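User: Hi! I'm new to this one, could you walk me through it?
Analyst: Happy to, let's take a look together.
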Amino acid sequence: MTEPILQTIGITKSFGALQASQDISIDLRPGEIHALIGPNGAGKSTLIKQIAGGLRPDAGKVLFRGEDVTPLGTAERARRGLARTFQISALAMEDTVLQNALLGAMGAGGTAFRFLRPALAQRDLRAVAENALELVGLSAHAATPTFELSHGQRRQLEVAVALTLAPKAFVMDEPMAGLGFEGSKNLTGFLDGLRHTAPILLVEHDMDAVFALADRVSVLVYGRIIATGTVEEIRNDPDVRVAYLGEDA
Ligand SMILES: Nc1ncnc2c1ncn2[C@@H]1O[C@H](COP(=O)(O)OP(=O)(O)OP(=O)(O)O)[C@@H](O)[C@H]1O
């Protein structure tokens with residue numbers, strides 16, 4: 001079996017008496033979209049925060065590209081290629097699409113680029129930014145102020161910003177939230193292709209998107225993974241149907 005790019009081993013986290021993550025072991029393999037679903041309050045965000053580095057587990061480990069990154073913070077994990085997207089506030093709305101991508105590329109280049117700005121580095125940064133926009137299909141909008149983009153295009157721009165870091169894996173938190181039917185359909189098509197650039201751990205409430213995209217689905221209920229499998233396996237799992245899909249088995 002292919003080595004996972006991202007893996008949690010026995011992640012456990014409590015808030016007082018509440019066990020928000022109970023011994024969670026999941027992985028993300030090259031080329032796949034692995035969806036994490038579960039009812040409100042199941043612990044999806046808590047798990048994602050521990051994977052991205054914003055929250056320290058009480059026990060367990062996060063491995064990224066074979067390395068234990070549990071002690072590292074969000075910025076250090078991002079530098080190593082773990083891209084977390086869909087924190088919309090990260091975009092500068094008054095700036096153009098290209099300027100936003102350039103800001104991302106400057107972050108990727110580190111502080112030396114930011115303060116020294118040699119001409120060559122500037123050209124490199126611009127190339128990185130333009131390439132990222134091309135990959136997400138926003139080149140034609142490079143000079144457009146970001147606030148003029150549709151919600152779906154903003155999500156694509158967020159991915160472009162993340163792409164400037166040459167990510168090895170994406171962690172996405174509800175990318176379909178707030179998009180209408182058309183927007184969700186378009187973004188679904190876009191994410192479908194993106195898995196070949198880097199695999200995606202996808203937290204999503206939109207079941208149409210999950211069932212269309214996921215190679216594997218993990219179901220989280222009360223802080224525990226109750227099933228992991230293909231879409232077909234998850235749809236037919238009696239425990240999942242009772243606990244989450246709201247059906248009598
Ligand atoms: N910082 C915190 N302090 C105390 N309790 C917390 C904290 N963060 C989350 N919780 C609790 O942990 C549980 C899991 O919350 P979490 O936000 O991870 O769920 P979720 O599956 O992401 O929910 P949703 O789908 O509504 O976003 C909830 O009961 C929540 O109230």
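User: Great, so how do S1 and S2 pair?
Analyst: This is a predicted model, and in it S1 and S2 run antiparallel, paired over four bridges.
User: What sits between S1 and S2?
Analyst: They form a hairpin, with two residues between the strands. Glycine 16 in that turn has a positive phi of about 60°.
User: And which way does S1 run against S5?
Analyst: S1 (residues 6-15) and S5 (residues 59-64) are antiparallel, with five bridges. Leucine 6 has phenylalanine 64 in S5 as its bridge partner. S1 is also joined to S3 (residues 27-28) by two bridges, again antiparallel. There, glutamine 7 stands opposite aspartate 27.
User: Switching topic: which residues are around the ligand?
Analyst: Among them are Phe15, Leu18, Ala20, Lys44, Ser45 and Thr46. Strand S2 (18-24) and helix H1 (44-52) each give two or more residues to that shell.
User: Which element gives the largest share?
Analyst: H1 does, with three residues. By class, the shell has four nonpolar, six polar and one charged residues.
User: Nice. What is the average pLDDT?
Analyst: The chain averages 87, and 90% of the residues score at least 70. Residues 111-117 fall below 50, though, and beyond near neighbours in sequence that stretch has five contacts in the model. Where pLDDT is low, the predicted coordinates should not be read in detail.
User: What about ipTM and pTM?
Analyst: The model scores ipTM 0.96 and pTM 0.87.

How values were computed: Residues are numbered from 1 along each chain as its sequence is written. This is a predicted model: local features need pLDDT of at least 70, side-chain atom pairs count only at pLDDT 80 or more; totals for chains, interfaces and linings use all residues. A residue is near a molecule or strand if its C-beta atom, placed from the backbone, lies within 6 Å of it. Ala, Val, Leu, Ile, Met, Phe, Trp, Tyr, Cys and Pro count as nonpolar, Asp, Glu, Lys and Arg as charged, and the others, Gly among them, as polar. pLDDT is the predictor's confidence in each residue, from 0 to 100. Two residues are in contact if their C-beta atoms, placed from the backbone, lie within 7 Å. Two strands pair if DSSP finds at least two bridges between them.
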